[in-house]
Amino acid sequence: MWGFKDFPITDPELGRWVLAAEDICFKNPVLSYFFRIGKCIPITRGGGIYQEHMDEALDRLTDGAWVHTFPEGKVCQEDAPIRRLKWGTASLIARAPVTPIVLPIFHRGFEKVMPENYMFGRRPPFPLCKKDIEIYIGEPIVFDIPKLKQMAVDTSRKEFISHCHSEWPETVCGMDEAAQRCLYTNISDRIQLVLEKLRTVSKTCLNTN
């Protein structure tokens with residue numbers, strides 16, 4: 001995905017970190033070693049946004065590194081609208097000491113490289129060659145986190161949002177759980193809107209070609 005012009009692919013210091021599914025990329029020692037040296041951070045699906053390795057991703061952001069996430073949280077090979085985004089990406093944006101710039105990216109064609117139902121309902125053992133891949137990069141998104149936090153606090157008070165995740169920290173950045181939920185929803189909704197616009201642009205380009 002990152003082998004196209006003007007993206008750093010030869011300097012390991014500039015290369016991206018990426019959140020990767022633990023049950024796929026880290027299911028045995030060989031895969032774990034391979035993906036770890038590829039700067040992958042294991043994430044447990046269903047483990048929540050405050051699991052241990054999310055803190056590792058936050059540390060990388062604190063260091064000023066580039067962290068790449070797939071905010072839908074699962075493999076999607078259907079040509080369908082962007083699904084509701086998971087809150088993990090939003091929580092990293094909100095909790096980072098210096099608010100990161102978000103670069104939205106939408107891609108087409110990977111479903112041809114590694115189709116989920118290639119043979120007997122399974123993926124091919126190796127990526128397929130000579131497939132067209134399209135990558136659409138949107139304008140950077142800059143979040144005004146202090147303003148969004150205040151809006152989230154005000155909204156949570158007005159709507160009396162109930163707490164329903166007892167495992168969440170009591171406060172994060174001075175906010176209770178209800179305010180956190182509002183904040184992460186607002187950030188995720190904005191990213192989802194931008195990604196959906198990129199998807200629409202990609203379909204227009206596809207039909208034109």
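## Why is it called that?

Visitor: Why is D55 called partly exposed?

Guide: D55 has a relative accessibility of 36%. Buried means under 20% relative accessible area, exposed means over 50%, and partly exposed is what lies in between (1.4 Å probe, protein chains only). D55 has 36%, so D55 counts as partly exposed.

Visitor: What am I looking at, by the way?

Guide: This is a predicted model, where local features need pLDDT of at least 70 and side-chain atom pairs count only at pLDDT 80 or more, while totals for chains, interfaces and linings use all residues. Residues are numbered from 1 along each chain as its sequence is written, and side-chain values use heavy atoms, leaving out hydrogens and water.

Visitor: What makes R95 and D55 a salt bridge?

Guide: A salt bridge needs a side-chain nitrogen of Lys or Arg within 4 Å of a carboxyl oxygen of Asp or Glu. In R95 and D55 the closest N and O atoms are 3.5 Å apart, and the pair forms a salt bridge. R95 sits in helix α4 (residues 88-95) and D55 in helix α3 (residues 52-62), so this pair ties together parts that are 40 residues apart in sequence.

Visitor: Is R95 buried or exposed, and how do you know?

Guide: R95 has a relative accessible area of 15%, so R95 is buried.

Visitor: How do you know that E72 and R83 meet in a salt bridge?

Guide: Their side chains come to 3.3 Å, N to O, and that makes a salt bridge. Both E72 and R83 are in the loop between β3 (67-68) and α4, 11 residues apart. As for R83, its relative accessible area is 29%, so R83 is partly exposed.

Visitor: And what makes E116 and R123 a pair?

Guide: The closest N and O atoms of E116 and R123 are 3.4 Å apart, and the two form a salt bridge. E116 has 28% relative accessibility, so E116 is partly exposed. R123 is partly exposed too, because its value is 43%. A search of the whole structure finds nine salt bridges.

Visitor: How many disulfides are there?

Guide: Zero, by the rule used here. A disulfide is a pair of cysteine sulfur atoms within 2.5 Å. For C25, the closest cysteine sulfur is in C40, at 5.9 Å, so that is too far for a bond. C25 is buried because its relative accessible area is 14%, and C182 is buried because its relative accessible area is 8%.

Visitor: What makes Y118, M119 and F120 a nonpolar patch?

Guide: Patches take residues with over 30% relative accessible area and no salt bridge; like charges are joined within 9 Å, and nonpolar side chains (Val, Leu, Ile, Met, Phe, Trp, Tyr) within 5 Å. Y118, M119 and F120 form such a patch on the surface, with about 400 Å² of accessible area together. Accessible areas come from the Shrake-Rupley method with a 1.4 Å probe; for residues, only the protein chains shown count as cover. M119 has 47% relative accessibility, so M119 is partly exposed. You'll find M119 in the loop between α5 (110-113) and β5 (134-137).

Visitor: How many helices and strands does the protein chain have?

Guide: Seven helices and five strands. Helices (H or I, at least four residues) and strands (E, at least two) are DSSP runs, numbered from the N terminus. The elements run β-α-α-β-α-β-α-β-α-β-α-α from the N terminus on.

Visitor: How do you know that the protein chain agrees with a compact globule?

Guide: The radius of gyration is taken over C-alpha atoms, and the globule rule is 2.2 Å times the number of residues to the power 0.38. With 209 residues, a compact globule would come out near 17 Å, and the protein chain has 18 Å, so the value agrees. The C-alpha atoms fill a box of roughly 55 × 45 × 35 Å along the principal axes. Of the 209 residues, 39% count as buried.
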